[in-house]
Amino acid sequence: MRLRLGLSFALLGIFACGEANDRSHKHVSRNMFTKAELRKKSKRNQRAVARSSARCGECHGAYERTWKASSHAKAATSPYFRASANGDGRCAPCHTPLVGEIADDDPIHEEGVTCDACHSIIEVNDDAPSPGLIFDLTASIKYGPLCDSEGSYFHRSGCSPLHSKSRLCAGCHSLEWPSPNGEMLPVITDFDEWSAKGGRGATCQDCHMSGTPGEVARGFATREKISRHDLFGADEELLRASINLRASLRTGEEGSRDLEVTLTNRGALHSIPAGLAGRRFVLSINFIDIEGRSVGQAARVYARILVDAQGREVFFTEARALREDNRLHPGERRMERFRIPPSTTIAKVRLERFALAPEVAARLGLAVPQGSLVHRTDVIIESDNP
Ligand code: HEC
Ligand code: HEC
Ligand code: HEC
Ligand code: HEC
Ligand code: HEC
């Protein structure tokens, strides 16, 4: 409920904190950090120290709990990541962002996008290869949105307006990958799509980090907003609020009976499904007769699909070309028509989200991906020959 309110405020454009004045943000992963560059960075940051999320949780328990449930906490350990990265160092700058800043064998790298990764960022460099994050891990300052906070004996607070801007997310949430023939393939474009809307209106944080009043640190005064740290992931409520599904009967050409399904991206200021190429929504229809038997099926897939030389869908590191991108753009309404087979009495309509395609999962040795239900509806169809 809380979230839904947040989303409808966003849609009404109540958020005035846009970023229209920010420089346009171009991220190219053409040359990821080389080992030598990483070493140079780590020399500069010799006294850098990062603390585990458990340490932060001693005073910020609610944050630790919610962050743990998010995909940020699994960025280094999710089965999908492990299977696809296979030790590839080019993934580290975003999935284990403190690599190169602190010792390679620090267990904190297993925590993925951990507290100290985000709360030590002081700048996102547009001109550097993505993610272009610049950290300050030397002074025991935690950077965040509170500008009247003194922090504690454990750390000081650093007033950082950057933390309330989409730019903070931009570095990691923009990824292009070179194909073997040198073409740059779009892999993650949430930030670019959001900026293409002019960067006005709701920020990433407005929708993905809505908040409620509470104590920021145990025993300290109640503040207006504790920013949620768990909406980084396939959240069902967020998903359901983002997309509208309507199904109704129509008369087609030559008097045929059609089912019309309309999908609208009403919730997000970026295309959906968002995130990594290969994420998909599957709209499926099962036409059922009076005996409960299936008399026909139909499906549509909405995704950005990268393919290899044979035209098969593959993970982005193996891709040669972009085959198609039919995701729903912000505000877009998509209408689909299906011919209803004779003797249908009910059309069962489902919209599900899948993290990846079954073929891609099989090639990576992963289990068959399970869908999560976004919407379902049954449409009753009157028989034409009673
Ligand atoms: C240091 C890099 C980094 C920063 C900064 C970052 N992210 Fe992420 N984000 C990631 C990675 C990596 C993942 C994927 C984790 C996984 O599932 O393996 C991710 C996952 C997500 C997901 C879930 C995607 C899914 O399909 O499950 C959302 C939503 C998200 N981030 C939003 C944000 C927002 C909003 C911000 C800014 C406030 C942000 N991120 C900042 C790296 C980052
Ligand atoms: C000993 C308790 C304690 C520990 C441990 C602790 N913090 Fe804090 N933190 C505080 C207090 C107190 C505040 C200020 C609360 C206030 O002003 O309402 C704070 C504020 C913050 C802020 C807000 C800063 C701002 O200016 O917006 C961030 C971000 C933060 N902490 C992150 C962390 C991280 C990350 C860790 C773990 C590395 C951590 N904290 C560990 C006590 C702690
Ligand atoms: C993906 C980046 C990211 C990670 C990981 C992350 N935070 Fe935050 N955090 C933010 C952002 C962005 C804000 C400010 C949100 C805003 O201004 O709307 C914030 C706000 C805060 C605040 C300030 C008060 C508030 O609620 O706005 C504290 C304290 C804090 N985070 C603690 C933590 C702790 C503890 C962890 C780990 C358990 C953590 N954060 C992990 C990005 C992150
Ligand atoms: C107006 C609200 C809104 C704004 C602003 C917004 N998002 Fe989203 N975002 C959503 C909704 C709703 C979804 C769920 C749809 C989905 O999963 O595809 C979503 C999904 C995502 C996902 C995929 C999560 C998943 O479940 O697959 C990522 C990653 C993401 N957003 C990142 C961002 C980033 C980065 C920004 C800022 C540049 C941003 N979003 C701005 C509403 C928003
Ligand atoms: C520029 C930053 C960046 C780089 C570099 C990067 N990623 Fe990611 N990755 C992200 C973000 C942001 C997400 C979250 C989007 C989403 O989950 O849909 C993500 C999500 C993923 C996911 C989905 C995880 C899950 O559990 O669902 C996989 C798998 C993945 N990346 C693999 C890789 C591999 C392999 C590499 C290196 C070859 C790599 N990434 C390099 C930023 C990056």
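Q: How does the shell around ligand 4 divide by class into nonpolar, polar and charged residues?
A: The structure is a predicted model, in which local features need pLDDT of at least 70, side-chain atom pairs count only at pLDDT 80 or more, and totals for chains, interfaces and linings use all residues. Residues are numbered from 1 along each chain as its sequence is written, while chains are lettered from A and ligands numbered from 1 in the order in which they are written. Ala, Val, Leu, Ile, Met, Phe, Trp, Tyr, Cys and Pro count as nonpolar, Asp, Glu, Lys and Arg as charged, and the others, Gly among them, as polar. On that scheme the shell around ligand 4 has 16 nonpolar, 8 polar and 3 charged residues.

Q: Which residues are the closest to ligand 4?
A: A residue is near a molecule if its C-beta atom, placed from the backbone, lies within 6 Å of it. In total, 27 residues surround ligand 4. The elements giving two or more of them are helix H9 (190–196), H10 and helix H11 (236–242), where helices are DSSP runs of H or I with at least four residues, strands are runs of E with at least two, and numbering starts from the N terminus. The closest residues are Cys 204, Cys 207, Ser 242, Ala 268 and Ala 274.

Q: Between which domains does ligand 4 lie?
A: Domain bounds come from an automatic or database domain assignment. Both domains give residues to the shell around ligand 4, so ligand 4 lies between domain 1 (2–227) and domain 2 (236–380).

Q: Which element gives the most to the shell around ligand 1?
A: Of the 24 residues around ligand 1, Ser 71, Ala 75, Cys 169, Cys 172 and Cys 204 come nearest. By class this shell has 14 nonpolar, 9 polar and 1 charged residues. At least two residues each come from helix H6 (92–95), H7, helix H8 (167–170) and helix H10 (204–208). The most, 3 residues, come from H10.

Q: Which element supplies the largest share of the shell around ligand 2?
A: Ligand 2 is surrounded by 26 residues, the closest being Cys 56, Cys 59, Gly 144, Leu 146 and Ser 149. Helix H3 (53–57), helix H7 (115–118), strand E3 (141–144) and strand E4 (156–159) each give two or more residues. The shell divides into 11 nonpolar, 9 polar and 6 charged residues. Its largest share, 3 residues, comes from E4.

Q: How many helices and strands does the chain have?
A: Buried residues make up 34% of the 386 residues in the chain; buried means 20 or more other C-beta atoms within 10 Å of the residue's own, exposed means 12 or fewer, and partly exposed lies in between, with C-beta atoms placed from the backbone. Among contacts between residues at least 6 apart in sequence, 63% join residues at least 24 apart, a contact being two C-beta atoms, placed from the backbone, within 7 Å. The secondary structure comes to 12 helices and 16 strands.

Q: What is the average twist from one strand to the next in the sheet E9-E10-E14?
A: The 3 strands form an open sheet with antiparallel pairing; two strands pair if DSSP finds at least two bridges between them. Strand E9 (243–251) and strand E14 (333–339) are the edge strands, each pairing on one side only. The axes are lines fitted to C-alpha atoms, for helices over the stretch in contact, and angles run from 0 to 180 degrees between N-to-C directions. From one strand to the next the twist averages 20°.

Q: Which residue in E10 stands opposite Leu 249?
A: E9 and strand E10 (residues 257–265) pair in the antiparallel sense over 9 bridges. Opposite Leu 249 stands Leu 259.

Q: Which residue takes a positive phi in the hairpin of E11 and E12?
A: Strand E11 (residues 280–288) and strand E12 (residues 294–307) run antiparallel and are joined by 9 bridges. Arg 280 stands opposite Ala 303 in E12. The hairpin has 5 residues between the strands, and the positive phi, near 85°, belongs to Gly 292.

Q: Is Leu 351 buried or exposed?
A: Leu 351 sits in strand E15 (residues 346–354). Not counting residues up to four places away in sequence, Leu 351 touches Leu 245, Phe 281, Leu 283, Val 374 and His 375. Because 22 C-beta neighbours fall inside 10 Å, Leu 351 counts as buried.

Q: How does Thr 77 count, given its C-beta neighbours inside 10 Å?
A: Thr 77 is placed in the loop between helix H4 (61–68) and helix H5 (79–85). Leaving aside neighbours within four places in sequence, Thr 77 is in contact with Arg 82, Glu 110 and Gly 112. Because there are 13 C-beta neighbours inside 10 Å, Thr 77 counts as partly exposed.
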